[in-house]
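Below are some notes for a colleague who is meeting this structure for the first time. Please read them with the model open beside you, as they go from a sheet to the helices beside it.

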Amino acid sequence: MLGRTGTLGGRCRFELQLCRSFSPPPPELRYPAGSGGRKYRIGQEAGQMSSAQINHILKANEYSHILPRGPASHGVLGFHSNMLPSNHPGEDRRSSATCLPGRGGLLFGVFDGHAGAACADAVSQRLFYYITVATLPLRMLVELERAVEEDRPVPPLLEWHKHPQDHSCPDGGADSFHSLRNYWQERLQGEEEEEEQDGDRLSSALVNAFRRLDYDLSVEAQVHLSSSRRVSLPGETAPLSCPLRVALSGCTACVAHISNGILHVSNLGDSRAVLGVQDPDGRWSAVSLTNDHNAENPDELQRILGEHPPSELRTAVRHDRLLGLLLPFRAFGDVRFKWSPEMLSRVYETRPDVLSAVSDAVRTLPPHYLTPPYLSALPEVTRHRITPADKFLVLATDGLWELMHRQTVVQLVGQQLTGLQQQRPIIPGVGATLGGLQRFLLERKGRVLSVLEDLNATTHLLRHALGDDGYGAVAPNRLTKMLSLPADLARRYRDDITITVVHLNEPDL
């Protein structure tokens, strides 16, 4: 058994197969007819959304977890997480887990899917296992392999921390385990034990884990394609776990690994990690730990252009998109930007069941597809030693950053955490007067009133991202409008949003 899932009641559920998470979209609302234009006007029914209905949508996927104090927490106090889909079904995923063997550590990740949710679904459940295998000492991999060979129970590698609705068992668990076992077997055959205190070793392990998983997703899809003995029939739809469907879709990933006060962030694509730092004067600063891998990053743009002939200078990136189609320049899956034209043509000719389950853009060869691969799964890794001033870490998909600046995000979380701290019981000092205590209580009430709505920092961010009035407060009418948009219009105004806030140190009051 490779993983166990902690439930809200504190019990553990053991799993033989690798499992994949998904979050259902919030309950659908009834929308007024005739809303199919770019300019959408809220009808009377949508305008009557109550505070309870708003909270039901915003809090449907929120999750909080407090870690017990001690070495096993690696300096992390706990975390908050939430998801708000725009696509139906949503294409974002999230994961959080404790690494059980070896030096241990905590893993947090957000995954932004595109061309369907299949790739994000698979990566969100498999990547942490690859990271664990990449970081384990070789002697522990020997024990793992021996247990499998002797058909003994395999000790769990991860303890998952999941929202109850995040979990479903996949159909392809056996293939996933086979690929993971091949990975640790190759580590056993090809590596010598390295010094564990070497900080660069973990960075290299994260890079290797990302690249190996992407390689395995591609190989599994090719094996599946080769083993298909018949052309699928029109009308058939491949399941979400179909290796070809996983590989044809894609996802970005932003993963944080925290162990013994050291933070590593491994990023692939345009999700972001931002550190919330409290200055000595109490002010909040936002420290970016990631770079966007898209056309807005000049270094990334030059990297792409430099990897292809000068004749492709105007076609490799068009309209700020890879081959005019894809916004992120690094991602898992997306084999339509990696495989040979011959391999892709075979997919298009023989697997309409897979193509019918993905977006239209995936169903044909990209234009100007001359010198693949165009897309990379090489992550960028940042190492940071956590200091007492580092209060929290925000991981979020680009849906949040399109709506809010990183400084605003950190300011909101910092104010919310400080406000909650200020609700603690007051112990009057010697000489305190009733009038002075009353004035203090009134001041504190004003400071914390805006954060009492949400105890979860990620829900607090969602509320402000969708309802911001431009002056730091939430406009109820705007929030109602954003949450009431029909499914076919919501994507025009915002993307799926997934946020995880990891609490590192108590804020200073």
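1. In this predicted model, six strands form an open sheet in the order β4-β5-β19-β18-β12-β13, and their pairing is antiparallel. The edges are held by β4, residues 63-66, and by β13, residues 284-288, each of which pairs on one side only. On average, neighbouring strands of this sheet are turned by 15° against each other, with direction ignored.

2. Which helix lies across β5 and β19? That helix is α14, made up of residues 457-467, and it runs at about 140° to β19, the strand of residues 497-503.

3. Helix α14 also has a helical neighbour, α15 (residues 476-484), and the axes of the two come within 8 Å and cross at roughly 95°. Angles of 65 to 115 degrees count as roughly perpendicular, and α14 and α15 are therefore described as roughly perpendicular to each other.

4. Where these two helices touch, α14 contributes R463, L466 and G467, while α15 contributes R478, L479, M482 and L483. Sorted by class, the contact of α14 with α15 consists of four nonpolar residues, one polar residue and two charged residues.

Methods. Residues are numbered from 1 along each chain as its sequence is written. This is a predicted model: local features need pLDDT of at least 70, side-chain atom pairs count only at pLDDT 80 or more; totals for chains, interfaces and linings use all residues. Side-chain values use heavy atoms; hydrogens and water are left out. Two strands pair if DSSP finds at least two bridges between them. Helices (H or I, at least four residues) and strands (E, at least two) are DSSP runs, numbered from the N terminus. Axes are lines fitted to C-alpha atoms, for helices over the stretch in contact, and angles run from 0 to 180 degrees between N-to-C directions. Contact means heavy atoms within 4.5 Å. Angles under 35 degrees count as roughly parallel, over 145 as roughly antiparallel, 65 to 115 as roughly perpendicular and the rest as oblique. Ala, Val, Leu, Ile, Met, Phe, Trp, Tyr, Cys and Pro count as nonpolar, Asp, Glu, Lys and Arg as charged, and the others, Gly among them, as polar.
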